[in-house]
Structures are given as C-alpha cells and as structure tokens.
Amino acid sequence: MSSIPPSADGTPAAGVTLTPAFSPLYQQIKGLILHSLQHGEWKPGEAIPSETELAARFRVSQGTVRKAIDELAAENLVMRRQGKGTFVATHAERQVQYRFLKLQPDNGDVREEAPAERTVVECRRVRASAEVARALALRTGDAVMQARRVLSFSGVPTILEDIWLPGQAFKGLTAEQMAGYQGPTYAMFELDFGVRMVRAEEKLRAVLPDPAQAQWLAVDTSTPLLSVERLAYTYNDIPMELRRGLYRTDTHHYHNELS
C-alpha cells in the first residue's frame, strides 16, 4: 500500500491509507479531498483551498491537484466559479438542484414551474424492515426515519413518495421540518443534518395504485402510474436514502438526458 507524504505541518495528510501504488497520483489526491468532504472539513457551498494551497498541503504539483479537481467537478461534487475559486457543490445551487428532479411538465420548463406544494402525511421513527435495512446497509430492526408526502403542482396531487432515512444520521427529523423548508429537500438535508446526496440509482416500472395510493393522488385504481425507486448515496457510496415514488404522468413526464 502507498500513502501520500505528510502535509506541511508534519501530520499525515488527512490520516488516510490510500490505494495501491499503481493508482495514479491524482486519484490519490482526489481520494484525500473526498475524505475531507466526507468529514465536513469544507461544508456545502464553502470554498475549498486553492490549487496552490492543496498542492503544498499534499506535496504534489499543482497540475496533479487540478486533474483531481477536474474529476470532482465532472462528478458534480465541487463547482468552479470563474475568478472566485472552487466550492463544495450544494443542492441549494439552482444549477444543481434540478439534477435529481426528472419529472418535468409537458408544457414549459421545470425551472419555470411553481415549486411543488408539499403535504407531509407522516414522519416517524420506526424499525427498519429487512428490505429497507438491506438497501440502506443497516441491520434489520435498526432505527430509520420514515416519511410519506404528496407533491402537488397547481393544486393537482402528482407525486406520492415514501422515504426512509438512517435514524442515526437524521435523528430529530420532523414532518414540520420537511414541509416548512422552502428549498429542495436535499438542501435541507445538507443544512440541518450535514448529509449531502452525491449520486442516485433509480428503477422505473409501470404500476397500478392500490386504493389508498389512488386516493392520495386523486386517481382511479385503474390509472397507470410511474413507479420510481431511488437509492441515494453520500460520499464513498454510503446509502443514505431509499425513496419510492408514484408519479402521475397525465401532465408531466419523466425526462432523462443520456450522453
């Protein structure tokens, strides 16, 4: 195993053992920066040290640091601002907050649509079922926060969501907190709980609602809905949210860009 030389003050750089020696040096630097992000050295929205400062800290060239930051920026973990520096990405940023929102109106742009009206049906602490525990890398029976909410657009209930979050990381989350925050929910997770979702996986299928689901969405049980199951991760691929949504698609559609 190989490790980066100590930082300028003589302490090991972030105290991390790195990947094998054949790993490119910029990848090792990227890992150290990720470690600092994960442990909250720089908060979402805050500037990270300059490339020159990081190069001195890790005793590598500025070009090596730049290449590491290039990859972090490509993964939407940091954002470069011309003439200002590099900042930790945050879901509060307008250009970032829509990255996880794939349901768009048939007419107009999602950025022009009025924010969803949120009705939080419940938010409570429960014991994780085997299925939820497996998804969130917990043990069956561990505490999780479970929430259900309805998102409406122009008064029309459009999305019914069930959300599960690790109980330890989201201890104290309330329905009032979820309903009252005006920005994106993931931004609230960052601000109030220090948890940043950095990527997500989704599974889609067409389903019919059960009677209770149909009632919440004001549709008939014969109305086909889009089922979207999402598993969202924070740094180092740690699962932090299981979300199951039922989407009406009579006025909206699921939009994804492939490149």
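In the predicted model, 6 strands form an open sheet, arranged in the order S4-S5-S6-S9-S8-S7 with antiparallel pairing. The edges of this sheet are S4 and strand S7 (199-207), each of which pairs on one side only. From one strand to the next, the twist averages 15 degrees. Strands of a sheet pair through backbone hydrogen bonds, and the pairing may be parallel or antiparallel.

Within the sheet, S8 and S9 run antiparallel and are joined by 9 bridges. Thr 234 stands opposite Ile 238, a residue of S9. Helix H7 packs on the sheet, where it touches S4, S5, S6, S8 and S9. The direction of H7 makes about 150 degrees with that of S9.

Helix H7 spans residues 185-193 and is mostly covered, with 7 of its 9 residues buried. The buried residues of H7 are Thr 185, Tyr 186, Ala 187, Met 188, Phe 189, Glu 190 and Phe 193. Their cover includes strands of the sheet, namely S4 (117-127), S5 (143-153), S6 (156-166), S8 (225-234) and S9 (238-247). Helix H6 (175-180) is also among the elements that cover the buried residues of H7. Just after H7, Gly 194 takes a positive phi of about 70 degrees.

Terms used:
Residues numbered from 1 in each chain as written. Predicted model: local features only at pLDDT ≥ 70, side-chain atom pairs only at ≥ 80, totals over all residues. Heavy atoms only, no water. Buried < 20%, exposed > 50% of the residue type's maximum accessible area, 1.4 Å probe, protein only. Helix = DSSP H or I, 4+ residues; strand = E, 2+ residues; numbered from the N terminus. Contact = heavy atoms within 4.5 Å. Pairing = 2+ DSSP bridges. Axes fitted to C-alpha atoms, helices over the stretch in contact; angles between N-to-C directions.
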